[in-house]
Amino acid sequence: KYWLRFYRLLMLPINILAMVLFAAIMSIGLDRSGGKIRSVMIAIAVGISMYFFNEVAGLMASSGNIPGLIAAICPPLFALTLTLALISYREDGQVS
């Protein structure tokens, strides 16, 4: 239990980086496209799902199904990977 908290604190900068990059990519192009409400709703849904995924991984580690290190590392790295993929996709000009 304490090791899980320790590993989560170690991964906090990566988790914050993923959230900041996601916020930046959601704000790109808001002036031109006009989809502010949709972008805000998507951002809220992604934030809640990131929290949920992190808590489920923590519960799985607490029950002993997965190691605490894996439970702490996977959610932030998954969020960072998806955010970087979204940045790559939007910067290629696929989404205006």
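Let us start with Thr-83, a residue of helix 4. In this predicted model, Thr-83 has a relative accessible area of 5%, and because buried means under 20%, Thr-83 is classed as buried. Which residues does Thr-83 touch, once those up to four places away in sequence are set aside? They are Ala-18, Leu-21 and Phe-22.

Please stay with helix 4, which covers residues 68-91, and turn to Leu-77. This leucine lies in helix 4 as well, but its relative accessibility is 37%, so Leu-77 counts as partly exposed. Apart from neighbours within four places in sequence, Leu-77 is in contact with Met-11 and Ile-14. Along the chain, Leu-77 and Met-11 are 66 residues apart, yet a separation of 8.7 Å is found between their C-alpha atoms.

I now move to helix 1, which runs over residues 2-27 and contains Leu-12. With a relative accessible area of 38%, Leu-12 is partly exposed. Leu-12 also belongs to a nonpolar patch on the surface, together with Leu-9, Ile-16, Met-19 and Val-20. How much accessible area do the residues of this patch have together? The figure is about 430 Å².

Next, the aromatic residues. The structure holds four aromatic pairs. One of them joins Phe-6 and Tyr-7, with 5.8 Å from centre to centre and 55° between the planes. Why is this pair called tilted, rather than stacked or edge-to-face? Stacked planes are under 30 degrees apart and edge-to-face planes over 60, so an angle of 55° falls into the remaining class, tilted. Both residues are partly exposed: Phe-6 has a relative accessible area of 41%, and Tyr-7 has one of 22%. Ring pairs also bring in Trp-3, which forms a cluster with Phe-6 and Tyr-7.

Finally, I would like to examine helix 3, residues 36-63. After helix 3 comes Gly-64, and the phi of Gly-64 is positive, near 90°.

Terms used:
Residues numbered from 1 in each chain as written. Predicted model: local features only at pLDDT ≥ 70, side-chain atom pairs only at ≥ 80, totals over all residues. Heavy atoms only, no water. Patch = residues over 30% accessible without salt bridge, like charges linked within 9 Å, V, L, I, M, F, W, Y side chains within 5 Å. Areas by Shrake-Rupley, 256 points an atom, 1.4 Å probe, with all protein chains shown as cover. Salt bridge = Lys/Arg side-chain N within 4 Å of Asp/Glu carboxyl O. Helix = DSSP H or I, 4+ residues; strand = E, 2+ residues; numbered from the N terminus. Buried < 20%, exposed > 50% of the residue type's maximum accessible area, 1.4 Å probe, protein only. Contact = heavy atoms within 4.5 Å. Phe/Tyr/Trp six-rings, centres within 6.5 Å; stacked < 30°, edge-to-face > 60°. Expected span 1.5 Å × (residues − 1).
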